[in-house]
Amino acid sequence: MEHGLSTSPLIAALVGMMLLAAALLLVANRVKWPFTVLLVIAGGLLHASGVDIWAGLDHFSQPEVATEIILVILLPTLIFEAAFNLDANRLRYNWLAIFTLAVPGTVITTLLIGTIVALLTPLSWEVAFLLGALLSATDPISVIALFKKLGAPKDLTLLMEGESLFNDATAIILTKLLLAALLTGIGMPDAVLSGLLSFVVIVVGGIVIGGVLGVAFSWIAGQVDDQPFVEITLTLVLAYGSYLLANVMGSSGILATVTAGLVMGSIGRPRLSTSAYRYLEHYWSYTAFAANSLIFLLVGLRADLGVIMETGPILVVVLLAMLLARAALIYGLTPLVGRVSRNSHPISYPFRHLLFWGGLRGAVTLALALSLEHTFVLGETVVALATGAVLFTILVQGLSMGRLVQRLKLDKPELSHQLMRMEGWLSAYHEAKLELEKIKQTQAAHSATLDDMLRSIDAAIVRLSSELKEQRVGKLDLETDWRLFLTRCFTIEITFLHQLSENGYLTESAFLRLRASILQQLDALRHDYPLPEHKYLMSRSKPNNLLMRFFLGREDFRSWYGKEEYLEAWGRAQSCKHLLNFLKEMEQNGEIVDVQIPRAKELYQSWMVISESRMNNLKRSYPEAIRSLGTQQLKSLTINIQRQAIKRQVRAGALTEGIADIMLQELSSELMHARRGDFSLLPSRITGLLSRTKHQRRTSRYF
């Protein structure tokens with residue numbers, strides 16, 4: 001009974017905080033303010049009103065409780081979600097740039113902040129460097145959201161996400177090492193030497209633990225089919241298990257979770273069933289939202305403005321040092337980043353300004369600071385300074401990001417983006433018109449209502465077509481028009497490949513790699529970069545091949561590699577054929593300027609030749625694997641069709657859910673057997689067969 005009385009206020013406070021976060025999200029969307037800023041303000045107002053009057057919130061504001069909640073409960077969720085969804089294919093082209101900013105960059109930031117603070121304030125060198133380590137961890141969640149809204153290059157967004165993921169781990173390790181040196185009284189030279197060795201051991205240990213667990217859980221996930229709750233549980237256990245195990249073994253829990261998430265996202269994701277993958281997207285998106293909401297509310301709850309203001313001049317120096325260190329990192333290292341990353345492109349100065357001003361501090365800084373509050377004499381001062389720095393970045397820098405975007409003129413979309421939006425609306429209206437015409441043929445709705453809707457859609461199509469033609473003729477140069485036209489072709493390709501995957505002709509891993517390669521080309525087009533060479537898009541990284549060889553064994557790896565490479569080359573060849581047919585129809589209909597079609601035909605013809613040449617080479621290198629591939633495809637396709645038929649019978653009431661469960665489990669066993677067995681491609685008539693296969697979207701387990 002006493003336990004219930006003690007936990008009820010905590011649960012009530014948690015529920016209240018989530019309800020407040022949901023309300024603030026609605027407000028943020030309405031007033032166009034950053035969501036995280038509103039959370040911090042709300043937390044601060046709750047603190048100022050007197051935490052004691054809000055049952056349960058006083059527990060959350062306690063340093064020990066807040067630290068445990070952030071570091072042990074919330075942080076693994078955020079880290080795993082970000083790592084799992086990180087584009088592993090694009091990461092291999094940018095890993096050196098991310099490493100440069102996340103490790104040497106974090107160390108440089110620590111040294112610069114520590115040096116400036118030690119020289120200009122009464123704080124000792126040890127305390128100053130410890131404070132620098134606390135403030136070296138960035139939390140760019142609101143900046144990344146802004147980048148996505150602005151349509152920033154994917155490499156730039158990946159750079160921010162990757163830097164944040166890995167510099168959190170670096171900052172935590174540096175903080176622990178510097179704190180140990182401070183408490184033991186070791187001199188700086190000795191602390192640097194011993195700290196460097198400990199740093200390497202902690203980093204390597206975290207990576208190894210996360211990698212081993214990621215591989216193990218990826219294998220386990222491959223043994224489970226169409227059991228989304230089991231597969232989601234596996235990812236949850238992996239996220240927290242890797243973090244806790246690494247911490248127990250004296251390694252970096254964050255690096256373990258990051259590595260586990262990357263491995264699961266790269267080699268484990270294709271082994272998940274389609275239904276589980278859809279559940280996972282929603283599950284981890286919500287957990288990330290909940291974790292971020294609680295973290296930034298806790299930042300506000302912990303903010304004591306009176307104590308922070310007492311630090312006065314020291315806080316001003318700390319803020320100045322933090323900004324100068326960030327400026328040195330962004331304006332000093334980003335030119336180097338542009339050179340060390342093979343497929344990256346120079347970061348423009350407007351985006352460098354955003355990277356500089358968007359170096360916000362948040363959860364990790366606050367949690368580390370709170371953990372130091374009672375560990376040494378100046379612990380409370382360090383907490384006040386760190387909290388003040390976090391509040392400054394969120395409230396001042398976060399609130400002024402929108403104005404900075406306007407000053408840099410990044411809020412005004414380019415002409416190419418405006419035309420892309422018009423084409424998107426035009427395509428959507430055409431799709432709606434086709435569906436309404438089908439409904440009209442079945443007489444499923446009142447004809448007068450349908451006629452009115454069709455007339456309004458026709459009017460919108462005519463208006464958009466006229467505006468699009470006017471913009472193209474009056475303002476658009478030929479090269480920009482070509483890029484827009486090719487962008488349209490890429491989106492059609494991705495849609496076609498998705499249909500191939502949904503109908504069982506492509507494995508999930510082959511589809512994801514093909515989609516990633518086309519998205520890389522698409523991103524280059526949108527930002528006027530040179531189009532990546534096709535041969536690089538079709539290549540696999542050596543680390544990934546070594547990992548899969550270890551994961552599968554030599555013989556199984558050869559079979560897997562041959563099949564996956566062949567499927568990817570075959571999928572791109574099929575999408576190229578589909579586009580060539582599409583271009584032929586366009587040419588016959590006279591839909592676009594004639595000069596674009598021959599150029600697109602030539603490009604897609606060359607890509608199809610490269611893909612077919614790759615297929616022929618793979619046939620010679622892996623004859624047995626390629627010969628047996630079609631059999632497995634056909635088995636998988638047949639089983640998927642049977643699954644859909646059973647689910648339709650459940651919806652119609654012809655089968656009970658219990659009987660359907662038994663039948664679906666039998667089909668799952670057959671599918672797993674088919675995946676493990678030898679499995680050559682279906683005839684070239686597959687495109688025609690696919691066009692007659694009605695795509696069915698599953699909205700639940702049975703329907």
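These legends describe close-up views of a predicted model.

**View 1. Helix H7 packs against helix H9.** H7 covers residues 125-134, and H9 covers residues 154-184. Their axes lie 8 Å apart, at an angle of about 165 degrees. Angles over 145 degrees count as roughly antiparallel, so H7 and H9 are roughly antiparallel to each other. The crossing of H7 past H9 is left-handed. H7 contributes Glu-126, Val-127, Phe-129, Leu-130, Ala-133 and Leu-134 to the contact. H9 contributes Ala-171, Leu-174, Thr-175, Leu-178, Leu-179 and Leu-182. Ten residues of this contact are nonpolar, one is polar and one is charged.

**View 2. The largest nonpolar core has 116 residues.** Leu-134, Phe-147 and Ile-254 have the most contacts inside this core. Helix H15 (residues 313-340) supplies the largest share of the core, 13 residues. A second, separate core has 41 residues. Among them are Tyr-505, Leu-506, Leu-579 and Tyr-604.

**View 3. Surroundings of Ile-254.** Residues up to four places away in sequence are not counted here.

**View 4. Val-237 sits in helix H11.** H11 spans residues 228-248. Val-237 has a relative accessible area of 42%. Buried means under 20% and exposed over 50%, so Val-237 is partly exposed. Leaving aside neighbours within four places in sequence, Val-237 is in contact with Phe-217 and Ser-242. Val-237 and Phe-217 are 20 residues apart along the chain. Their C-alpha atoms are separated by 9.2 Å.

Notes. Residues numbered from 1 in each chain as written. Predicted model: local features only at pLDDT ≥ 70, side-chain atom pairs only at ≥ 80, totals over all residues. Heavy atoms only, no water. Axes fitted to C-alpha atoms, helices over the stretch in contact; angles between N-to-C directions. Helix = DSSP H or I, 4+ residues; strand = E, 2+ residues; numbered from the N terminus. Parallel < 35°, antiparallel > 145°, perpendicular 65-115°, else oblique. Left-handed = near helix turned anticlockwise from the far one by under 90°. Contact = heavy atoms within 4.5 Å. Nonpolar A, V, L, I, M, F, W, Y, C, P; charged D, E, K, R; others polar. Core = buried A, V, L, I, M, F, W, Y, C linked by side-chain atoms within 4.5 Å. Buried < 20%, exposed > 50% of the residue type's maximum accessible area, 1.4 Å probe, protein only.
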